[in-house]
Amino acid sequence: MKEEKNKKGEARLMKGNEALAEAAIRADIDAYFGYPITPQSEILEYLEREIPKRHGLVIQAESEVASINMIYGAAGAGARVMTSSSSPGISLMQEGLSYIASAQLPCLVANVVRGGPGLGTIQPSQGDYFQAVKGGGHGDYHLIVLAPASVQEMADFVFDGFRLAEKYRNPAMILTDGALGQMMEKVILPEEGSLKKVETPWATTGKPASRDHNIITSLFIQPEKMEEVNHELQEKYKKIQSEVRFEEIQIKDAEIVLVAFGLSSRICQKTVDLAREKGLKVGLLRPITLYPFPFKRLNELAEQVNFMMSVEMNAGQMVQDVKLAVEGKVPVYFKGRMGGMIPTPEDVLEEIESVLDNEKVLQD
Amino acid sequence: MSIERPSNHDFPSEAEGMDLVYCRPETLTDLPFHYCPGCSHSVVHRVLMEVVDELNIQDKTIGVAPVGCSVFAYHYMNVDMQEAAHGRATAVATGIKRVLPDRFVFSYQGDGDLAAIGTAETIHTVNRGENILMVFINNGIYGMTGGQMAPTTLVGQVTTTSPYGRQVEFAGHPIKIADMLTQLPGAYYVTRQAVHNPNGVRKLKKALTKSFQYQKEGKGTCFVEVVSNCPSGWKMTPVETVKYLEEQMFPLYPLGDLKKPDGAK
């Protein structure tokens with residue numbers, strides 16, 4: 001088993017959290033800074049166990065506030081760094097993420113979301129969608145947000161997340177949930193050493209005589225300069241739109257489109273099958289990147305379908321973006337459970353049928 | 001910042017047949033300090049950068065600036081620097097030092113930053129024995145935000161948020177954080193200095209030089225407190241602040257080494 005670890009191609013049965021942690025080592029992270037919180041403590045535990053035997057550095061910080069600021073320092077020094085946490089801990093990191101976004105540092109943050117608000121529950125949720133895609137901390141900024149729907153993607157998106165973060169010098173987030181973190185599935189791990197390091201001439205590594213001192217800061221006290229920096233960030237976010245990723249399932253002839261990400265999309269895949277058995281032409285669009293969001297594609301699909309339904313494990317957050325995307329061309333409905341509860345494929349089908357019944361009543 | 005003036009670096013080494021005995025070190029930029037006249041920050045900045053210059057470690061030194069009056073420290077210190085969130089300077093310094101262990105890393109913080117909002121980071125950085133230098137400017141007040149009460153404000157001291165003087169029953173006691181830190185095994189060298197007179201400046205310079213030496217040897221955290229003044233916040237002339245330091249601040253925050261390595265002089 002040991003010798004197999006670094007080889008590419010072998011299928012392994014792993015927990016989502018552990019696959020993510022193993023992928024981090026294979027992505028040659030220089031350091032991980034974290035703090036325990038359920039349901040993602042396996043990430044820190046796995047790295048504390050494996051990194052001393054292999055390469056990199058892992059530090060258990062005194063809080064999520066400290067870990068995200070250690071990330072700031074290490075990323076500013078040119079290192080490839082990541083942290084992970086779950087909802088309450090991610091809330092504590094928002095200040096740091098705003099600074100990191102403003103200082104334009106690359107890093108990867110995994111949020112293994114649990115039900116909230118407050119201390120909430122340790123059960124899976126998608127209640128942090130707004131926080132993840134709209135910025136989360138203070139000021140005008142965005143994270144690049146990837147939403148895995150399988151243990152395989154928990155591993156793959158570590159590489160994708162770093163690639164995007166380093167390309168755009170912007171923090172990236174893997175927005176997953178307690179179920180994907182805890183469940184075991186087959187995974188083929190990415191190849192170790194296949195993620196090339198990028199040049200970081202801007203990093204604070206010690207000033208040689210040949211260059212001016214490098215400064216990592218998010219402070220631009222003159223409003224003219226602060227606005228300039230904001231424009232620069234907005235330009236970057238425009239460019240990031242080209243990185244949008246989504247998956248379409250049975251969309252071609254669909255008259256009804258479900259929109260769901262992460263675990264919800266797995267549930268909706270089953271709903272599509274159940275609906276098709278009943279002769280209902282239901283398809284699924286799964287946003288893989290939540291920021292950037294597939295606004296354009298959803299707008300196109302609005303020309304083709306009768307209605308859309310956003311299915312989420314929250315009170316209805318992404319549904320607002322779906323509504324923005326379709327620009328009122330078709331109705332957009334919502335089905336969700338909250339607080340750590342998960343909708344079943346049958347629940348979603350029932351909701352579709354009830355919409356159809358209502359429409360029929362209206363038509364009659 | 002776009003203030004321009006002739007560079008001290010341009011001064012000829014022998015002007016009018018005289019020897020140059022004192023000039024701005026290469027480790028300070030040409031930008032004039034924005035600090036109030038008489039404020040300790042300017043002196044501490046200069047002494048710190050003189051030490052970096054004399055040890056010839058400019059290319060290996062990385063600093064972390066705080067939130068407070070010295071938020072712009074990186075404009076003056078001509079070394080690579082990062083600007084941290086309020087209270088988080090030593091967490092940022094930890095991140096830097098851990099990925100670049102052969103560099104010299106220092107944090108520079110005031111009392112609100114280090115001893116109030118950043119207390120957890122302060123204690124745990126020292127507890128891990130992070131191999132960095134922590135410079136702590138203690139002037140007993142929040143200077144930048146206009147002179148509010150700090151965790152280190154003296155009992156009875158008047159500030160904008162303790163307008164009738166700090167009262168223990170409402171606001172607790174001034175915190176002696178350096179004394180607390182001596183209890184942690186990770187603290188290798190803890191000292192309290194001041195720059196209110198030339199002798200103090202010389203002693204501070206020695207303390208900072210020793211700290212970088214210890215860092216080179218990987219000894220652990222060096223903590224250098226500088227009991228400082230705040231002419232604007234204290235509403236005093238710089239000369240009056242020296243008297244206040246000597247009569248009011250030093251009795252609570254006595255100068256000298258609080259913890260020094262065994263056998264060190």
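**Helices, sheet, domains and partner chain**

Helix H9 (residues 262-277) of chain A and helix H12 (residues 345-363) of chain A pack with their axes 8 Å apart and at an angle of about 55°, where axes are lines fitted to C-alpha atoms, for helices over the stretch in contact, and angles run from 0 to 180 degrees between N-to-C directions. Helices (H or I, at least four residues) and strands (E, at least two) are DSSP runs, numbered from the N terminus. H9(A) and H12(A) are therefore oblique to each other, since angles under 35 degrees count as roughly parallel, over 145 as roughly antiparallel, 65 to 115 as roughly perpendicular and the rest as oblique. This is a predicted model, in which local features need pLDDT of at least 70 and side-chain atom pairs count only at pLDDT 80 or more, while totals for chains, interfaces and linings use all residues. Residues are numbered from 1 along each chain as its sequence is written, and chains are lettered from A and ligands numbered from 1 in the order in which they are written.

On the H9(A) side, Ile267(A), Cys268(A), Lys270(A), Thr271(A), Leu274(A) and Ala275(A) meet Pro345(A), Val348(A), Leu349(A) and Ile352(A) of H12(A), with contact meaning that the C-beta atoms of two residues, placed from the backbone, lie within 7 Å. The contact of H9(A) with H12(A) has 8 nonpolar, 1 polar and 1 charged residues; here Ala, Val, Leu, Ile, Met, Phe, Trp, Tyr, Cys and Pro count as nonpolar, Asp, Glu, Lys and Arg as charged, and the others, Gly among them, as polar.

Chain A also holds an open sheet of 5 strands in the order E10-E12-E11-E14-E15, with mixed pairing, two strands being paired if DSSP finds at least two bridges between them. Strand E10 (246-249) and strand E15 (332-336) of chain A stand at the edges with a single partner strand each, so one side of each is left without a neighbour in the sheet. On average, and with direction ignored, neighbouring strands of this sheet are turned by 20° against each other. Strand E14 (residues 307-312) of chain A runs parallel to E15(A) and is joined to it by 5 bridges, and Met309(A) has Tyr333(A) in E15(A) as its bridge partner. Helix H11 (residues 318-326) of chain A packs on the sheet, where it touches strand E11 (256-259), E14 and E15 of chain A, and its direction makes about 160° with that of E14(A).

At the level of the whole chain, chain A is divided into domain 1 (3-242) and domain 2 (247-363), with bounds that come from an automatic or database domain assignment. The C-alpha centres of these two domains lie 29 Å apart, and their contact takes 27 residues from domain 1 of chain A and 23 residues from domain 2 of chain A. On the domain 1 side, H5(A) gives the largest share, 4 residues, and by class that side has 16 nonpolar, 9 polar and 2 charged residues.

Between the chains, 29 residues of chain B are in contact with 32 residues of chain A. H3(B) supplies the largest share of the chain B side, 8 residues, and the residues of that side divide into 14 nonpolar, 7 polar and 8 charged. Strand E9 (residues 215-216) of chain A pairs with E2(B) in the parallel sense over 2 bridges, and Ile216(A) stands opposite Gln82(B) in E2(B).
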